[in-house]
Amino acid sequence: MEQGGKSSRKPGIMSEDRISELPEVLLLKILSSLPTKLVISTSVLSNRWRSLWKMVPRLEFESYRNIYEFAENVTRSLLSHKAPVLESLHLSVRDQFDGVYLGIWATIAFARHVREFVLDLSFCHGSQIRFPSSLFCFDTLETLKLMNYVYLDFPSPVSMKSLRTLHLLSLVYKGDESVHNLLSSCPNLEHLVLRRGFSHDYVKTFTIEAPSLKTLSLSDSFRARESSGYVIKAPSLKYLGIESVEGYEFFLIENASELVEASIRNVSKIVNEKILGSLESAKRLSLDLSPLKITYPTEVMYHQLVYLEMHTHKVEWWNLLTVMLDSSPKLQVLKLIDHETRQENLEFDKRYTDQGEWNQPKYVPECLMSHLETFMWKNCNWGREEEKEVATYILRNAGQLKKATFSTDPIESKRLCKLAKRSKMRNELDGVVRASSSSHLVFEFE
């Protein structure tokens, strides 16, 4: 408090340390939100703080310089740790190291009943580090995330009954059997994130068999080999995300009757393509596919689909849109997404202008006549006549449409000639006689 412009605090009296008097439970909660290196440094503050860090339930270590010094510090810190339950251990190693240390760290973590174990081996070079599968004998692990240069060899199933979340990102697997043994060890697995990217992956048929799995996100930059592919057996699956899966001989999704939402991007060149045919029960779909590179079953009906999102930067995308509208009798929301950046617009205009034609359906789809309420077109380019035709067709035939929104990205000064084209398109669409007299047309410029 200030009195007459002077401090009322007596000289020589230190400010009161109120933080140290907080309950230990609260202090541990505060420390858990700080970097582990900073948490350990608090041990020099006072006698009370000397051992407090050892009870922090969340630890995170990241190497930067001397890998051997880092390995010794992590080992020493884990051996000194006294918390009865280790909620989370994150290890991020930037340089190659002796795999023996990994065995030591994992052994200590599992012995402390670790709930979440995250390992990221972000080497710029070097060989893979084998993860000792024999350590999975402690049945407390709930989340496991393994990333980069981790070599997995599961010669037989182990026990991970508590595991609910599993991330496998850019790993190396010994073979099909190791994948099977790993996933069969997790009978209660609910969330799986899989990213493949190593050319020396030894798996030919990547089988995901998980009866309790609810969400699956799969991406693959791997160059597919002959007679290779995916088989997904997840009867409880609610969400499916697939990205950049190309060139495989097969991709089978069995019994996805519980599926609610799916996102499919850049899937092509797969023999006996059945991915779209496996999504019949979905209520929400996001598609970024080229009709010229995939096969889509015309007999499939999406009776539950109410929300459809489609990217429109692929050649003749409108053909796939026609099929989807015809196959989705209860569709309520249609969202089209054009190019994300102006640079992509420039490249697209040069390559794909006047490629193919849009053929108006002979019969108006049921969803347009009876169910579609919202129509959105984001980043619309208006560079092709087909775009105008598609927009006009939907506006004229959507009998229950309540709102249509068109958004565009800013135009660079050197391309102001496009502004007149957009203005013309806006006036033409605004003058379209719409099937629904109550529909509201909105134009947005971002």
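Helices H4 and H5 run roughly parallel to each other. This description applies because angles under 35 degrees count as roughly parallel, and the axes of H4 (residues 67-80) and H5 (residues 99-111) cross at roughly 20°, coming within 10 Å. The model in which they are found is a predicted one. The crossing of H4 and H5 is left-handed.

The contact between these helices can be described residue by residue. By residue class, the contact of H4 with H5 comprises nine nonpolar residues, one polar and one charged.

Aromatic rings form a further theme. A pair of aromatic rings is described by the distance of the centres and the angle of the planes. The structure holds 13 aromatic pairs. One of them joins phenylalanine 375 and tryptophan 377, with 6.3 Å from centre to centre and 55° between the planes, and is classed as tilted. Both partners of this pair are buried: phenylalanine 375 has a relative accessible area of 0%, and tryptophan 377 one of 1%. Elsewhere, Tyr173, Phe206, Tyr230, Tyr248 and Phe251 form one aromatic cluster.

Attention now turns to glutamate 373, which is placed in the loop between helix H9 (366-370) and strand E21 (374-378). Is this glutamate 373 buried or partly exposed? Its relative accessibility is 29%, so glutamate 373 counts as partly exposed, given that buried means under 20% and exposed over 50%. When residues up to four places away in sequence are not counted, glutamate 373 touches Gln332, Gln400, Leu401, Lys402 and Lys403. Leucine 331 lies 42 residues from glutamate 373 along the chain, and the C-alpha atoms of the two are separated by 8.5 Å.

The chain as a whole remains to be considered. Its secondary structure comes to 11 helices and 23 strands. Of the 446 residues in the chain, 47% are buried. Among the contacts between residues at least 6 apart in sequence, 63% join residues at least 24 apart.

Key:
Residues numbered from 1 in each chain as written. Predicted model: local features only at pLDDT ≥ 70, side-chain atom pairs only at ≥ 80, totals over all residues. Heavy atoms only, no water. Axes fitted to C-alpha atoms, helices over the stretch in contact; angles between N-to-C directions. Helix = DSSP H or I, 4+ residues; strand = E, 2+ residues; numbered from the N terminus. Parallel < 35°, antiparallel > 145°, perpendicular 65-115°, else oblique. Left-handed = near helix turned anticlockwise from the far one by under 90°. Nonpolar A, V, L, I, M, F, W, Y, C, P; charged D, E, K, R; others polar. Phe/Tyr/Trp six-rings, centres within 6.5 Å; stacked < 30°, edge-to-face > 60°. Buried < 20%, exposed > 50% of the residue type's maximum accessible area, 1.4 Å probe, protein only. Contact = heavy atoms within 4.5 Å.
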